[in-house]
Amino acid sequence: MSETDEIKEWQTQSVKHKVAAVLILDGVPFSYNEENGIMFTAPEFYVEKLKHRLICAYGCSVKPIINEIK
């Protein structure tokens, strides 16, 4: 397993309704609370593709901010 395949925990407050919709479509479990927003686990390559998909296919005008939880 390469370093890019490592599962990490992520958090976002950006375009929550669109991020949630794509995560549901992809079958990625996530949780939500008002303080932290959407939290989920995935490899880094998935998150980079998710950002690209949100802009190109789901109409986000700017690149969503999705941060790794350390």
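Visitor: What percentage of the residues in the protein is buried?

Guide: Buried means under 20% relative accessible area, exposed over 50%, and partly exposed in between, with a 1.4 Å probe and protein chains only. Here, buried residues make up 34% of the 70 residues. The model is predicted, so local features need pLDDT of at least 70 and side-chain atom pairs count only at pLDDT 80 or more, whereas totals for chains, interfaces and linings use all residues. Residues are numbered from 1 along each chain as its sequence is written, and side-chain values use heavy atoms, with hydrogens and water left out.

Visitor: In what order do the elements of the protein run?

Guide: Helices (H or I, at least four residues) and strands (E, at least two) are DSSP runs, numbered from the N terminus. This protein has two helices and four strands, in the order β-α-β-β-α-β from the N terminus on.

Visitor: Where is K63 placed, and which residues does K63 contact beyond its neighbours within four places in sequence?

Guide: Contact means heavy atoms within 4.5 Å. K63 lies in the loop between α2 (44-56) and β4 (66-68); leaving aside neighbours within four places in sequence, its contacts are E48, K51 and I55. K63 is exposed, at 51% relative accessible area.

Visitor: How many disulfides does the structure hold?

Guide: A disulfide is a covalent bond between the sulfur atoms of two cysteines; the criterion is a pair of cysteine sulfur atoms within 2.5 Å. The structure holds zero disulfides. C56 is in none, as the nearest cysteine sulfur, that of C60, is 10 Å away. C56 is exposed at 54% relative accessibility, whereas C60 is buried at 6%.
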